[in-house]
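Hi there,

Here is the structure I promised to hand over.

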Amino acid sequence: MSVNAWIVVADQREVGNLIAVARSLGGPVGAVVAGPRSVAETVASGGVDKVVWCHAPDDAPPEASARAVADAVAADPPRVALAGRNPAERVLLGAVAARLNAAVLTGARSVSLDGDRTTVVNAVFGDISDETVAVSGPVALLLDGGSVPPAAGPGAPIEEVTVAPLGMKVVETRTHGFETVDLNAAHRVIGVGRGVKAKEDLALIEALAEAIEAEIACSRPVAEGLNWMGKDRYIGSSGAHIAPQLYLAVGISGQLQHMVGVTGAETIVGINSDANAAIFSHTDYGLVGDLYQLVPAITAALK
Amino acid sequence: MRIVVAYKWTCDPEEATARPDGTVDWSRAKPGLSTYDPVAMELARRLAEEAGAELVGVTVGAKGVGAPIASKAALGRGLDRVVIVEDESLREAGRSELAAVVAEVIRHIGDVDLVITGDSSVDVAAKMVPTVLAGELGWPAVAEVTSVTGQAGALRVERAIPGGVQVLQISGPAVLAASADAAAPRVPGMKELLAAARKPVELLDLTALKVPPAGAVMTVTGRARPERKARKGQLIDTTDPAAAAAELVAALRAAGAL
């Protein structure tokens with residue numbers, strides 16, 4: 001069985017979109033998994049044709065199997081290798097791309113095989129332009145992983161490979177205490193920017209979030225730098241890309257690298273004290289004013 | 001110990017616009033150190049000071065990356081020297097090709113124990129050059145790195161994972177991509193900039209590096225400005241916050257957003 005597309009998986013099960021894209025190309029789909037065996041089992045039952053599971057020592061992080069992952073893919077070289085956007089998947093895909101000498105694209109909106117060329121519509125430069133790229137030779141794509149694939153049928157066979165890990169091991173894991181979130185599952189999202197002056201003031205946002213059943217997200221500096229929330233809550237070019245019914249941006253200036261993360265939102269509301277803020281060129285409804293007055297007023301108006 | 005910081009001298013798409021035909025107009029943009037690279041430089045500089053290591057900057061790219069203003073900006077942030085490949089053929093290079101060139105530069109420098117990069121480049125933001133580079137070198141890579149301490153052969157690396165932090169011990173050479181908040185970069189002062197002007201700058205000829213040819217050839221066959229959902233762009237009068245709130249809530253209910 002000659003594999004047409006390989007999916008590269010670390011320790012996350014959210015690979016439904018990768019399987020769907022690989023399937024859409026036609027031909028056999030393989031998956032190589034560098035995480036726990038349970039992840040390999042989820043992938044195997046998710047609609048692929050074969051799975052290679054890299055069995056590494058328990059204290060090895062997925063990245064320690066990078067060479068073994070590249071070996072597995074290179075043994076049955078594909079047209080396309082796909083991975084999700086998580087840090088460990090990026091490392092594994094990098095090893096695969098180096099081994100295959102593949103073209104690497106990270107903004108694919110669509111991919112198709114035309115004869116011996118692979119055509120990718122690829123968003124570039126903060127999604128301000130879409131390039132159609134024709135590639136002759138192997139392609140490595142970084143994509144949104146999607147959700148956990150539902151079990152489809154009896155499941156593919158799992159081939160186990162014993163890995164001699166690269167020289168790295170996990171010596172400690174600490175939790176940061178922030179509640180994790182799946183922003184993609186939220187119908188309504190409130191984004192918090194640096195217009196919110198102090199962490200205590202998030203109480204205002206939380207009250208509004210409760211009133212409209214929204215998840216709270218943020219711009220990058222609020223999660224990185226201010227550390228008011230976990231990094232899984234920041235929206236933007238290198239953070240979450242979401243498409244909720246409603247996105248309400250509070251105290252967010254509206255820079256490109258944030259707004260590309262919400263272009264799919266059905267309705268966008270912006271609240272900012274600066275009438276010239278870029279946010280107002282991206283909103284359906286704009287409110288120029290003091291968020292400390294407007295946010296509680298909106299919460300009250302909902303009651 | 002020898003540490004390399006791989007950095008990029010480029011423009012911010014925030015200052016670019018897409019023309020109706022999808023081509024990108026960079027004419028208003030001014031090149032600079034890519035946004036997150038000063039973080040990598042600061043992280044690397046602290047480690048180099050602690051470990052008594054040499055700190056070498058590496059950048060590869062099209063015309064401009066070897067300009068004195070570019071190397072001075074990098075050297076002013078505490079690098080001991082820079083090694084640069086400036087070649088116009090790299091303007092349209094893909095991630096794999098850039099990584100292959102950086103790998104050859106690292107082999108040219110020799111005895112490199114660690115490569116540190118920023119989180120992502122401000123222009124392409126693929127986050128893939130460090131990981132392909134690691135693949136080229138046969139080294140392990142770790143992304144989202146928040147802290148690095150120790151010595152070559154015994155590095156203690158912390159990286160962000162969903163819900164927390166993981167501490168890794170790395171026993172050989174490695175490529176580390178710093179998280180955007182791994183260190184607070186200092187703005188170089190006059191003293192650092194004057195010192196930067198006296199530090200060594202090595203320009204390498206791309207053809208002399210013997211970079212293997214790319215295995216995949218990319219051809220751009222079309223460009224388009226992406227369709228954006230049309231926004232209403234309605235401003236709600238906020239003179240009376242309560243009235244503004246009521247108007248917004250009514251509008252959102254009518255739109256089915258609440």
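Let me start at one spot between the chains: A:G286 has B:L235 in β15(B) as its bridge partner. That bridge belongs to a pairing of strand β16 (residues 285-288) of chain A with β15(B), which runs parallel over 3 bridges. Please keep in mind that this is a predicted model.

The contact between the chains draws 82 residues from chain A and 76 residues from chain B. On the chain B side, the elements that each give at least two residues include α3 (95-109), β14 (217-224) and β15 (234-236). Sorted by class, the side of chain B that touches chain A holds 41 nonpolar, 21 polar and 14 charged residues.

There is also an open sheet of 10 strands with mixed pairing, in the order β11(A)-β11(B)-β10(B)-β9(B)-β12(B)-β8(B)-β1(B)-β6(B)-β7(B)-β13(B). From one strand to the next, the twist averages 30 degrees.

Within that sheet, strand β8 (residues 114-117) and strand β12 (residues 174-178) of chain B are parallel partners over 4 bridges, and B:V115 stands opposite B:V175 in β12(B). Helix α4(B) packs on the sheet and touches β8, β9 and β12 of chain B, with its direction at about 175 degrees to that of β12(B).

Finally, chain A is assigned domain 1 (5-162) and domain 2 (183-301); their centres, taken over C-alpha atoms, are 33 Å apart.

Best wishes

Notes. Residues numbered from 1 in each chain as written. Chains lettered and ligands numbered in written order. Predicted model: local features only at pLDDT ≥ 70, side-chain atom pairs only at ≥ 80, totals over all residues. Domains from an automatic or database assignment. Contact = placed C-beta atoms within 7 Å. Nonpolar A, V, L, I, M, F, W, Y, C, P; charged D, E, K, R; others polar. Pairing = 2+ DSSP bridges. Axes fitted to C-alpha atoms, helices over the stretch in contact; angles between N-to-C directions.
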